[in-house]
Amino acid sequence: MSTIRILNPTIMGITTRGLLGRKRALLLIPLPLLLIGLAVLGRLSGSDAGVWGEGVLIGLGMSVVLPLTALIVGTSALGSEIDDGTIVHILTKPLPRREIILAKLAVAFGITVPVAAIPLGIAGVIAGSTRLGLGLAAGAVVGGLAYAAIFVALSLVTRRPVAFGLIYLLVWESLLAGVLSGTKQFSVQQYSLTIADRIAANDLVQSTVSLPVAIVMSAVLTVGGTFLAIDRLRSFSLKGESA
Amino acid sequence: MARHETTPAAPTSVIHDIGYQRYEGTRLGRAHAVRALYASSLRSAFGLGRSAKAKFLPFGILGLLSLIGAVFALVRQLTGEGGGPTYYLGIPSNVGLLLIIFLAVVAPEMVSRDLGNKTLPLYFSRPIRRSDYALAKLAALITAVFAVLAAPLVIMFLGAALQSGIGLDGLWDEWREFSLGVFNAAFYAVLLSALSLLVACATGRRAFAAGGIVAVFLVSTPVASAGMEIGTGNARDLAGLASPFSLLGGVQEWVFDEGIEVGHFGPLYGLVALLLVAGCAGLFIQRYRKVTA
Amino acid sequence: MTTVELTNASRWYGNVVAVNDVTMTIGPGVTGLLGPNGAGKTTLLHMMAGFLAPSRGTVQLDGQPTWRNPDVYRELGLVTEKENVHGFLTAWEFVLASARLHRLADPIAAARRALDHVELGDAQHRRIETYSKGMRQRARVAAALVHDPAVLLLDEPFNGMDPRQRLHMMELLHGMAGDGRTILFSSHILEEVERLSGTVQVVVAGRLAASGDYRKIRQLMTTRPHVFAIRSSDDRKLASALMAEVSVAGVELDAKGMTVRASDYGTFSRALPVLARKEGIRLVQVLPSDESLESVFSYLVAAP
């Protein structure tokens, strides 16, 4: 009975069915297949992984597949119910809001891992070594957790979480981080890279942020995002007359 | 309400019909309607007629691109370097990210809103045909993207043309390069618009449409570069087909001799680009044929 | 006994005041929340259900504020106006999930009971997205009462229901009220409110215009003459006699009988039988003809 107090299986079930049971789920399939497919192609081509590895593993995997998957899943876990109003049914229950948020987070994270982190690990193994694969997967797991917390919180803070999430990913993490090195200290992608770098110890993975910063900031973002989401859910308001 | 009055002073009694009146004036017809749809879509692309927040991003990107153009022109003035074919031709590929953002914001605004609000029956119970609607929207987006790409080109041209001591020959050369750049910009506008609209018309939610457009570009670009790194020889030359921007780079190489490395496959790139535009536009039009309420 | 209490509750959005200093108590039985569109009914219901914080004042259920207080949902059920259900669930799954989320001791039995209560037993294993509007409504009501709440709030529950469904829902609500529950439903359709509840809370432009039994409210409306439809053995004689009465403001005769407008309800109702007896006229019918909720409502809405 005590597990129910932390993660609510009913909510997790409904959320998962809602996320995966629709056409939207099909979007999640091509990305990991592409990743692994390219890694296989690269290996088969015989050229050294140093040539194409970074493009596939980092350029496609860490920079695109992981954040996009986390965005789609993280904003839909709670956001789709807010959009169509079904969240009322979850909220009119004597459940601590913490329980609801944790259940949603678990689902968002739980889907991101097999869709992004594991394929990334497999691609790493194919491209280089088991160690590389493990490093990438570990980095993606940590990144996925932080992203999930950020995007779930975002869906409670704004009515357009996907738009703001895209701005964060495109403008902050891609554009600015490439240009201003200071912003790298505040980029989840960089934290994933740092952790992957430390574990993989492979030249394919380069990181600029130090490990302690990466770990601490990931934790801060994850915990902070979770607490923010819980608080916002407690004050969740429905508008008055016909919205 | 009609009232019947008879007072000694009033000469006549009359009941006025102030109920529903039929419209008996001129009706402007389908062409006018399509032009109006085109114009209003173009306006909404830049947020005209809506709140300031809606104007922020499109005009912001237009401003940024103009600024980039101005910077290029200035640098050219000051250092005397720059110019030549790559000067104008290189602009669209260099500002790729800004273009993606522009498309991700504007394309959903054009089509996803009508889909999401279920206002399509309102359009289709009027003289315009389904294909008219789709083509008008496509034309409007192409115009918008082209305008955004042309702005820096114009500024750069003016900057070069107004240089002292350029002479008539120099002006003519500059004009030639500029025109080529404008054509190139048009290619980019057409292909990217067709692709973005096809993605956007899949959903009525603007955020998802934006995400979809971004995803298409974000995913295809590393795939193409990976292909280029992995492949050798022919495979390498063909890898550019995988992403819209590299496809356009290949077309650029074929038509203007200034793009990405494609070996003998220039015409193939051109053909694929053409097919892609036709395919996207066709599917886009097709999508509206089966619209229910 | 559970009561919902609002004390000087107000809610505004910037410059727009949606609810303006409302004080009311909703007790056991069926209460109708009545008002034109945009009057603030949904805002009030959302405040009572803990989905909006009052900008000023308090909204409480048995002394506990409803805002930021999930425990209140043990005793509270809400059926919103907007149709929002997880379409991919069947009614059974939906109500069962509701029961489980309420942490009921026997969710399966509770879900079964709730679905039988709204008579969705036959269709319960089909997905909700295949349901008609009335069935979806019933599924949502079942989910809202699966935990046997003492208070049930319904926002425009009869919207878009056909007459048979409406009757059925009314019986349902009557039955629940009979068990001692507090039921509050909002509507702008007067016949529904009239038929279902005696107690109304009338909300106009965010303010509470009137509350209580609508017939008593009518009697309180002293500035408007009361209208009676009277038939007697000799209408014209009665009419001329009535015109002499102080409490009578006007008399109208037509083929069906006569219509009397009385400026003072009390005095007139005492004076009429006396007058009739004096004149030797037999009263066949005396009907207060505007004691309908509609006349009460139009008066309250139109009042400056």
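Tutor: Two strands are taken as paired if DSSP finds at least two bridges between them. The model is predicted. The part to begin with is the end of a sheet in chain C, where strand 9 (residues 199-204) and strand 10 are joined by six bridges and run antiparallel. Within this pairing, C:Val203 is placed opposite C:Leu208 of strand 10 of chain C.

That pair belongs to an open sheet of six strands in chain C, with the order 6-7-8-3-9-10 and mixed pairing. Its edges are strand 6 (76-79) and strand 10 (207-213) of chain C; each has a single partner strand, so one side of each lacks a neighbour in the sheet. On average, and ignoring direction, neighbouring strands of the sheet are turned by 15 degrees against each other.

Helices of chain C lie against this sheet. Helix 1 (residues 41-48) of chain C lies across strand 3 (29-34), strand 7 (151-155), strand 8 (182-187) and strand 9 of chain C, and runs at about 150 degrees to strand 7 of chain C. Helix 10 (residues 293-302) of chain C packs on the sheet as well, touching strand 3, strand 9 and strand 10 of chain C. The direction of helix 10 of chain C makes about 30 degrees with that of strand 9 of chain C.

In strand 2 of chain C, C:Val19 is the residue opposite C:Arg11.

From chain C the account moves to chain A. Of the two pairs of chains that touch, chains A and C have the most contacts. The contact takes 23 residues from chain A and 27 residues from chain C. On the chain A side, helix 2 (9-20) and helix 5 (87-91) each supply at least two residues, and helix 2 of chain A gives the most, with four residues. The residues of this side divide into seven nonpolar, ten polar and six charged.

Chain A also meets chain B, with 23 residues of chain A in contact with 17 residues of chain B. The elements of chain A that give two or more residues to this side are helix 3 (30-45), helix 4 (49-84) and helix 8 (161-179). Helix 4 of chain A has the largest share, ten residues. The side of chain A that touches chain B is made up of 17 nonpolar residues, five polar and one charged. Chain B and chain C do not touch, and their nearest C-alpha atoms are 16 Å apart.

Chain A itself has ten helices and zero strands. Along the principal axes, its C-alpha atoms fill a box of roughly 60 × 40 × 35 Å. Its radius of gyration is 18 Å, which agrees with the value near 18 Å for a compact globule of 243 residues.

Helix 9 of chain A packs with helix 7 and with helix 10 of that chain. The axes of helix 7 (residues 130-157) and helix 9 (residues 188-200) of chain A come within 7 Å and cross at roughly 150 degrees. Angles over 145 degrees count as roughly antiparallel, and helix 7 and helix 9 of chain A are therefore roughly antiparallel to each other. Their crossing is right-handed. Among the residues that make the contact are A:Gly135, A:Gly139 and A:Gly143 of helix 7 of chain A, and A:Ser192, A:Ala196 and A:Ile199 of helix 9 of chain A. The contact comprises 15 nonpolar residues, five polar and one charged.

Helix 9 and helix 10 (residues 211-234) of chain A have axes 9 Å apart and pack at an angle of about 130 degrees. These two helices of chain A are therefore oblique to each other, and their crossing is left-handed. A:Val188, A:Tyr191, A:Thr194, A:Ile195 and A:Arg198 of helix 9 of chain A meet A:Leu211, A:Ala214, A:Met217, A:Ser218 and A:Leu221 of helix 10 of chain A. This contact divides into seven nonpolar residues, two polar and one charged.

Conventions:
Residues are numbered from 1 along each chain as its sequence is written. Chains are lettered from A and ligands numbered from 1 in the order in which they are written. This is a predicted model: local features need pLDDT of at least 70, side-chain atom pairs count only at pLDDT 80 or more; totals for chains, interfaces and linings use all residues. Two residues are in contact if their C-beta atoms, placed from the backbone, lie within 7 Å. Ala, Val, Leu, Ile, Met, Phe, Trp, Tyr, Cys and Pro count as nonpolar, Asp, Glu, Lys and Arg as charged, and the others, Gly among them, as polar. Axes are lines fitted to C-alpha atoms, for helices over the stretch in contact, and angles run from 0 to 180 degrees between N-to-C directions. Angles under 35 degrees count as roughly parallel, over 145 as roughly antiparallel, 65 to 115 as roughly perpendicular and the rest as oblique. A crossing is left-handed if the near helix is turned anticlockwise from the far one by less than a right angle, and right-handed if clockwise. The radius of gyration is taken over C-alpha atoms; the globule rule is 2.2 Å times the number of residues to the power 0.38.
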